[in-house]
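This briefing presents one protein structure for a reader who is new to structural description. Please keep the sequence and the three-dimensional view at hand while reading.

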Amino acid sequence: MDALDREILFHLQQDGRLTNVELAKRVGLTPPPCLRRVKRLEEAGVITGYRAVVDPETMGRGLEVLVDVEIYAQDRKSFEEFEDTVASYDEVVEFRRMYGRPDYFLRVAVADHAAYEAFLTGRLSCLPAVLRLESHLTMKKIKTNG
């Protein structure tokens, strides 16, 4: 990957809907070699997809909560069941297993505080593997990539 490929990636990350003609113009290429480079980046797995960035507020998910989760489970079956269950929750928009503590990190998007309380008390904290939950509310988003 060279500087031109990185510039193509930069522009596509800013606006994935750029036409090939516009992208080529921005990076100083003619359309055919620009398209070949984009296709090569896709085939190499550098570009893994294109998506729409949706405003959570307009979708009724204006409250985002970051949740640290520690679990009791030490056996594979228990933590796999926990992961499968939590991954199936529509409110969970990001779910990571961590090294060290906490065991898991969740990003939960809901309408408001009442919806989060209902999710936390009615679904998440009821799971048998859960040892401890810690919720973090964002004061201000400073930087986000999509």
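Rings of Phe, Tyr and Trp (for Trp, the six-membered ring) pair if their centres lie within 6.5 Å; planes under 30 degrees apart count as stacked, over 60 as edge-to-face and the rest as tilted. F82, F95 and Y104 form one aromatic cluster. The model is a predicted one, in which local features need pLDDT of at least 70 and side-chain atom pairs count only at pLDDT 80 or more, while totals for chains, interfaces and linings use all residues. Residues are numbered from 1 along each chain as its sequence is written, and side-chain values use heavy atoms, with hydrogens and water left out.

**Aromatic pairs**

- A pair of aromatic rings is described by the distance of the centres and the angle of the planes.
- By the rule for ring pairs, the count comes to four aromatic pairs.
- The pair of F82 and Y104 is tilted, because the ring centres are 5.0 Å apart and the planes stand at 50 degrees.
- F82 belongs to helix α4 and Y104 to strand β3, so this pair ties together parts that are 22 residues apart in sequence. Helices (H or I, at least four residues) and strands (E, at least two) are DSSP runs, numbered from the N terminus.
- Both F82 and Y104 are buried; buried means under 20% relative accessible area, exposed over 50%, and partly exposed in between, with a 1.4 Å probe and protein chains only.
- Y89 and F119 form an edge-to-face pair, with 5.7 Å from centre to centre and 90 degrees between the planes.
- Y89 lies in the loop between α4 and β2, and F119 in helix α5, so the pair ties together parts that are 30 residues apart in sequence.
- Y89 counts as buried at 8% relative accessibility, and F119 is buried with a relative accessible area of 3%.

**The sheet**

- Strands of a sheet pair through backbone hydrogen bonds, either parallel or antiparallel.
- Four strands form an open sheet in the order β2-β3-β1-β4, with antiparallel pairing. Two strands pair if DSSP finds at least two bridges between them.
- β2 (92-97) and β4 (130-137) stand at the edges with a single partner strand each, so one side of each is left without a neighbour in the sheet.
- On average, neighbouring strands of this sheet are turned by 20 degrees against each other, direction ignored.
- β2 and strand β3 (residues 104-110) are joined in the antiparallel sense over five bridges. F95 stands opposite L106 in β3, and R96 has F105 in β3 as its bridge partner.
- β2 and β3 form a hairpin with six residues between them, and G100 in the turn has a positive phi of about 75 degrees.
- β1 and β3 pair in the antiparallel sense over seven bridges, and V69 stands opposite Y104 in β3.
- Six of the seven residues of β3 are buried, so β3 is largely enclosed by the rest of the structure.
- Helix α5 (residues 113-124) lies across β1, β2, β3 and β4 and runs at about 170 degrees to β4. Axes are lines fitted to C-alpha atoms, for helices over the stretch in contact, and angles run from 0 to 180 degrees between N-to-C directions.

- The axes of helix α1 (residues 3-14) and helix α3 (residues 31-43) come within 11 Å and cross at roughly 80 degrees.
- That angle makes α1 roughly perpendicular to α3; angles under 35 degrees count as roughly parallel, over 145 as roughly antiparallel, 65 to 115 as roughly perpendicular and the rest as oblique.
- L4, D5, I8, L9 and L12 in α1 meet C34, R37, V38, R40 and L41 in α3, where contact means heavy atoms within 4.5 Å.
- The residues of this contact of α1 with α3 divide into seven nonpolar, no polar and three charged. Ala, Val, Leu, Ile, Met, Phe, Trp, Tyr, Cys and Pro count as nonpolar, Asp, Glu, Lys and Arg as charged, and the others, Gly among them, as polar.
- The axes of helix α2 (residues 20-27) and α3 come within 9 Å and cross at roughly 100 degrees, and α2 and α3 are therefore roughly perpendicular to each other.
- In α2, N20, V21, L23, A24 and V27 meet P31, C34, L35 and V38 of α3. The residues of this contact of α2 with α3 are eight nonpolar, one polar and no charged.

**Residue H11**

- H11 lies in helix α1 and is buried, with a relative accessible area of 14%.
- Not counting residues up to four places away in sequence, H11 touches L18, L23, R26 and V27.
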